[in-house]
Amino acid sequence: MDLLVVGSGFFGLTIAERAASAGKKVVVIDRRSHIGGNAYSEAEPETGIEVHRYGAHLFHTSNETVWEYVNRFTKFTGYQHKVYSNFKGEVYPLPINLGTINQFFRAAYGPDEARALIAQQAEEFDTKQAKNLEEKGISLIGRPLYEAFIRDYTAKQWQTPTTELPAEVISRLPVRYTYDNRYFNDTHEGLPVDGYTAWLENMADHPNIEVRLDTDFFDESQPLNKKALVGTVPIVYTGPVDRYFDYAEGELSWRTLDFEQEVLPTGDFQGTSVMNYAGADVPYTRIHEFRHFHPERDYPADKTVVMREYSRFATRDDEPYYPVNTPEDRDRLLKYRELSDREDRVLFGGRLGTYQYLDMHMAIGSALSMFNNKLSELL
Ligand code: UDP
């Protein structure tokens with residue numbers, strides 16, 4: 001073995017594929033019994049509808065290198081993501097756009113009028129000086145829209161006061177003074193034609209790659225463990241960085257998700273793939289209806305699969321999904337980075353390994369640069 005990759009999500013598989021194509025023997029281990037990390041998907045057995053077991057994954061990128069790379073392993077559909085939000089029993093389009101503004105204020109403003117209104121409602125804070133999510137949110141869309149669509153939803157999602165969350169979280173949500181309600185601004189967007197798992201399997205399908213599932217890097221009763229291997233072979237570790245160091249600098253806070261999945265006896269439950277629930281009175285954050293991700297597929301006309309998503313703080317035994325990134329977390333992360341730099345030929349990557357809110361295309365892009373800039377010289 002020339003390289004051990006710990007974790008078979010997009011970051012780990014990109015590293016493995018690049019190294020394998022450069023002629024190196026790679027072993028990928030994953031403690032789960034399937035590849036792909038949280039991007040894994042499977043057909044729901046009763047309906048055949050593809051379900052993203054760890055929450056909806058929507059692929060989009062403006063990075064041409066990443067787009068060219070991912071197209072080697074799958075074709076993409078023309079799916080364009082749109083999200084709606086149920087606020088007090090009324091449905092509005094997201095991200096906040098002219099349609100949302102006019103519906104909310106019961107008006108027919110043109111772009112300039114809407115801009116002037118929002119500028120006035122957003123006066124309290126300056127976007128550039130915004131110190132946290134709340135200030136940034138109000139500075140972008142004004143207090144009334146912020147309180148309706150962002151404040152309680154964000155509190156449900158992060159269970160952390162919006163004044164303690166970093167402003168960047170909300171940079172993911174554009175505000176538009178047109179009726180364009182595409183969720184993502186990127187040049188390329190789509191879903192893998194044969195599903196996520198087929199895409200992930202194609203990445204791992206190389207004679208130089210061996211994947212071992214149900215294999216925990218920290219379990220010393222199996223040979224591919226941390227104690228036995230660090231210092232003997234280059235390692236790319238994509239698990240939680242605090243776990244790697246046995247929480248020596250304290251735990252980083254993560255958010256985990258709980259899902260309630262149901263097959264319903266109707267061909268269409270909500271008419272769209274994702275409906276957010278803005279209010280604090282509804283315990284879940286959103287409902288996914290998976291058939292709408294693939295209108296081109298031949299799914300049953302009388303059944304549908306829905307999944308309610310709940311969000312909460314992760315304990316050590318939960319699957320970590322999102323870094324919460326409070327100021328204390330950022331201090332701890334700096335200490336973990338110092339420790340990481342001292343490890344012998346171990347590189348840390350991916351959402352969990354770097355404690356960063358990376359989308360799929362970002363994880364793949366960062367794996368491609370790690371391979372080119374840091375890893376190839378170790379191999
Ligand atoms: N957000 C919000 N209201 C919404 C949707 C999103 O306030 O209806 C904010 C919230 O702070 C959230 C962030 O935007 O954490 C990113 O949301 P998105 O749904 O894009 O995140 P995902 O979980 O899909 O990565």
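Trainee: How many bridges join E6 to strand E12, and do they run parallel or antiparallel?
Mentor: Four bridges join E6 to E12 (residues 274-277), and the two strands run parallel. Strands count as paired if DSSP finds at least two bridges between them. Across that pairing, Asn 86 stands opposite Tyr 277 in E12.

Trainee: Before we go on, what sort of model is this?
Mentor: It is a predicted model, where local features need pLDDT of at least 70, side-chain atom pairs count only at pLDDT 80 or more, and totals for chains, interfaces and linings use all residues. Residues are numbered from 1 along each chain as its sequence is written, and side-chain values use heavy atoms, with hydrogens and water left out.

Trainee: Which way do E6 and E7 run?
Mentor: Antiparallel, with five bridges joining E6 to E7 (residues 90-94). Phe 87 stands opposite Glu 90 in E7. Two residues lie between the strands of this hairpin, where Lys 88 takes a positive phi near 50 degrees.

Trainee: How many residues of E6 are buried?
Mentor: Four of its five, so E6 is mostly covered. Buried means under 20% relative accessible area, exposed means over 50%, and partly exposed is in between (1.4 Å probe, protein chains only).

Trainee: What kind of aromatic pair do Phe 87 and Tyr 92 form?
Mentor: A tilted one, at 6.4 Å centre to centre with 55 degrees between the planes. Rings of Phe, Tyr and Trp (its six-membered ring) pair if their centres lie within 6.5 Å; planes under 30 degrees apart count as stacked, over 60 as edge-to-face and the rest as tilted. Phe 87 counts as buried at 16% relative accessibility, and Tyr 92 is buried at 4%.

Trainee: How many aromatic pairs are there by that rule?
Mentor: The count comes to 35. One of them is Phe 76 with Trp 199, which is edge-to-face at 5.3 Å centre to centre and 85 degrees between the planes.

Trainee: Why does that pair tie together parts that are apart in sequence?
Mentor: Because Phe 76 lies in the loop between helix H2 (64-70) and strand E6 (83-87), while Trp 199 is in helix H7 (residues 196-204), the pair links parts 123 residues apart in sequence. Phe 76 counts as buried at 15% relative accessibility, and so does Trp 199 at 1%.

Trainee: Switching topic, which residues of H4 are buried?
Mentor: In helix H4 (residues 111-121), Ala 114, Leu 117, Ile 118 and Gln 121 are buried. Seen down the axis of H4, the buried residues fall within an arc of 95 degrees, so they line one face of the helix. That arc is taken from the directions from the helix axis to the C-beta atoms. On the other side of H4, Asp 112 and Gln 120 are exposed.

Trainee: And what do the buried residues of H4 pack against?
Mentor: Helix H3 (98-104), helix H5 (133-141) and helix H6 (143-158). A contact here means heavy atoms within 4.5 Å.

Trainee: Last one: how many helices and strands are in the protein?
Mentor: Twelve helices and 16 strands. Helices (H or I, at least four residues) and strands (E, at least two) are DSSP runs, numbered from the N terminus. Buried residues make up 56% of the 379 residues.
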